[in-house]
Amino acid sequence: MQFEITDSAAITFAEGFYKAAADGYPVDAALAESRKAVFREGNELEWGTPVLYLRSQDGRIFNFVDRDVVKISPEVTGF
């Protein structure tokens, strides 16, 4: 954040950002989605506070190979 923001804007931002990231959006697109969510809440000032400085060419910081739940073998967990 460039500046402090209200709790309600921070909550809206976090929900939008992590939902978009979990849906497979690149981090820059997830940021854009979360900023739009803050704006849709009627916050015409704080939507522009979150910024991103990114060196990745495609905006992907996670590599989701398979979104299915990974089953851990009993040998690994000890159960």
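What share of the contacts with a separation of 6 or more in the protein chain comes from residues 24 or more positions apart? The share is 61%. The legends below start with the whole chain and then move to close-up views.

**View 1. The predicted model has 3 helices and 0 strands.** From the N terminus on, the elements run α-α-α. The protein chain has 79 residues, and 25% of them are buried. Its accessible surface comes to about 6500 Å². Carbon and sulfur atoms account for 56% of that surface.

**View 2. Glu 46 sits in a loop.** This loop lies between helix 2 (27-40) and helix 3 (74-77). Glu 46 is buried, yet it has no salt bridge. Arg 35 has the nearest side chain of opposite charge, and it is 12 Å away. A salt bridge needs the charged atoms to be within 4 Å. Glu 46 does have a polar partner: its side chain joins that of Asn 43 in a polar contact of 2.4 Å.

**View 3. Glu 46 touches residues from other parts of the chain.** Leaving out residues up to four places away in sequence, Glu 46 touches Glu 4, Ile 5, Thr 6, Ala 9 and Val 38.

**View 4. Phe 17 and Tyr 18 form an edge-to-face pair.** A search of the whole structure finds 3 aromatic pairs. In this pair, the ring centres are 5.3 Å apart. The planes meet at 85°, which is over the 60 degrees needed, so the pair counts as edge-to-face. The two residues fall into separate accessibility classes. Phe 17 is buried, because its relative accessible area of 16% is under 20%. Tyr 18 is exposed, because its relative accessibility of 57% is over 50%.

**View 5. Phe 39 and Trp 47 also form an edge-to-face pair.** Their rings are 6.0 Å apart, centre to centre. The angle between the planes is 80°.

**View 6. Three aromatic residues make a cluster.** Which residues do the ring pairs link? They are Phe 13, Phe 17 and Tyr 18.

Technical notes
Residues numbered from 1 in each chain as written. Predicted model: local features only at pLDDT ≥ 70, side-chain atom pairs only at ≥ 80, totals over all residues. Heavy atoms only, no water. Helix = DSSP H or I, 4+ residues; strand = E, 2+ residues; numbered from the N terminus. Buried < 20%, exposed > 50% of the residue type's maximum accessible area, 1.4 Å probe, protein only. Lys, Arg positive; Asp, Glu negative; His and termini not counted. Polar contact = N/O pair within 3.5 Å; in protein donor to acceptor, adjacent residues only side chain to side chain. Contact = heavy atoms within 4.5 Å. Areas by Shrake-Rupley, 256 points an atom, 1.4 Å probe, with all protein chains shown as cover. Phe/Tyr/Trp six-rings, centres within 6.5 Å; stacked < 30°, edge-to-face > 60°.
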